[in-house]
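Work through the exercises below with the structure open beside you, and try each task before you read its solution.

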Amino acid sequence: MKTTKQIILFGLSFILTFAVSEVFIRTSNLASVSSTEFYDDIGRGRRKNLNFLRFNEGFGIGKFNQYGYIGEPHSQVKTNNTIRIILMGDSYVEAFQIFRRDYFGEIAKKYLKQQYPKNKIEILNFGRSGFDIADIYAYQKSYAEKFNPDFILYMISNDDLVPKYSDPLRPKTIIKNDSLKISFHFDPQEIEIFEKTKFITQNFAIFNMLNNGRKRAKTTPVLSILTDKVYFWFNSEIPSDPKINNQEKDYQINLVTSKIIKSLDTSKVVIINRGILKLPAEFKKLCTINGLKYLDLSSKLNLMKDQGEDPYEWKITKKEGHWNQNAHKVVGKEIAEMLNSLIDNKNK
């Protein structure tokens, strides 16, 4: 009887502790529930009509609209006299770190509205954290193109030039019979695991944290996760930097990446280097040969750094991370000026 009573008290204490911890985490926004859902047409995507609040190197608050992207919702049907631009890329484009008013897409939109007061300017944020060029292409073909954009901006860095296929629940851009194909073959076991666990990860921040830790442990040494920077005091192995490797003279373009570049619509797609390092010369040459418009933001980002204004430094939180507000202003202006030129040429 005494043992049974202790077990019951332990169980109640555990439930109470869990409930209090969950409420504290959710109300203080130390962590959030899962923001992903599985869709038949795009695989793993953002949960529609979901509010989010994120604390990282910066602070961001917003909502995934009914179409699954951040910002003002726009239907797939485009009205007359509308200029629609779709931004595609990774976490730098999705940009959880800032308010929408500071987002480079909003800054570019304001500039273009002044230049084209008779047009409706729409800039859609189709960035997805963790995307590389193959993910971007698959997302474009499976979803983004349905929104009938006038321009599609591929915002990439050196890290994005080789397909990683890191998420088993995202469609894959592959080569089949010497042609590009978007594969929607998902491992049934992965889908089953997602469906079985999504209730707790989408509703409980603690379980979502544990799930994220489980996934990270698959690719990162557990000890380095637990000890952070201290890990490298005792481990002299330095991870290779793909941004450095891509600068080697014998650099060769990945075959899937090459076919993606060769297949893109030159009247709509613009390749943008969003990194502080230049993209490999061979890659830029491939874009130029195939008639793609190319914008390199590295010179502007390096200029900011040379002037003592690091685009990746967040002074309030004392962290290094994604673009800060000043960097978004610079990037927004550069993109707006580039789009201004493209729109003028299209209207001639």
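A pocket, as the word is used here, is an open set of grid points, places where a 1.4 Å probe fits, with protein on both sides within 12 Å along at least five of seven lines. The model examined in these exercises is a predicted one.

**Exercise 1.** Describe the second largest pocket by its volume and its lining.

Solution. Begin with the volume, which for the second largest pocket is about 340 Å³. Next turn to the lining, where 15 residues are found, and those closest to the centre of the pocket are Trp314, Lys315, Ile316, Asn324 and Gln325. Then ask which elements contribute: β12 (313-314) and α13 each give two or more residues to this lining. Finally, sort the lining residues by class, which gives four nonpolar, six polar and five charged.

**Exercise 2.** Describe how helix α12 packs with helix α13.

Solution. Two packed helices are described by the angle between their axes and the distance between the axes. For α12 (residues 298-306) and α13 (residues 325-347), the angle is about 145 degrees and the axes lie 10 Å apart. The next step is the handedness, and here α12 passes α13 in a right-handed crossing. In the contact itself, Lys300, Leu301 and Met304 of α12 meet Asn326, Ala327, Val330, Val331 and Glu334 of α13. Divided by class, this contact has five nonpolar residues, one polar residue and two charged residues.

**Exercise 3.** In what order do the five strands of the open sheet stand, and which strands are at its edges?

Solution. Reading across the open sheet gives the order β6-β5-β7-β10-β11, with parallel pairing. The edges are held by β6 (120-125) and β11 (293-296), and because each has a single partner strand, one side of each is left without a neighbour in the sheet. On average, and with direction ignored, neighbouring strands of this sheet are turned by 20 degrees against each other. To look at one pair, take β10 (residues 269-273), which is joined to β11 by four bridges, and where Ile272 stands opposite Leu295 of β11. Lastly, helix α4 (residues 133-142) packs on the sheet and touches β5 (82-89) and β7 (151-156), its direction making about 160 degrees with that of β7.

**Exercise 4.** In which sense do strands β1 and β2 pair, parallel or antiparallel?

Solution. Strand β1 (residues 36-39) and strand β2 (residues 43-46) pair in the antiparallel sense, over four bridges. Within this pair, Phe38 stands opposite Arg44 of β2. The two strands, β1 and β2, form a hairpin with three residues between them.

Note on methods
Residues are numbered from 1 along each chain as its sequence is written. This is a predicted model: local features need pLDDT of at least 70, side-chain atom pairs count only at pLDDT 80 or more; totals for chains, interfaces and linings use all residues. Side-chain values use heavy atoms; hydrogens and water are left out. Two strands pair if DSSP finds at least two bridges between them. Axes are lines fitted to C-alpha atoms, for helices over the stretch in contact, and angles run from 0 to 180 degrees between N-to-C directions. Contact means heavy atoms within 4.5 Å. A crossing is left-handed if the near helix is turned anticlockwise from the far one by less than a right angle, and right-handed if clockwise. Ala, Val, Leu, Ile, Met, Phe, Trp, Tyr, Cys and Pro count as nonpolar, Asp, Glu, Lys and Arg as charged, and the others, Gly among them, as polar. On a 1 Å grid over the protein atoms alone, a cavity is a set of points where a 1.4 Å probe fits but cannot get out, and a pocket is an open set with protein on both sides within 12 Å along at least five of seven lines; lining residues have an atom within 4 Å of a point. Grid points are joined across faces, edges and corners, and a volume is the space filled by probe spheres set on the points.
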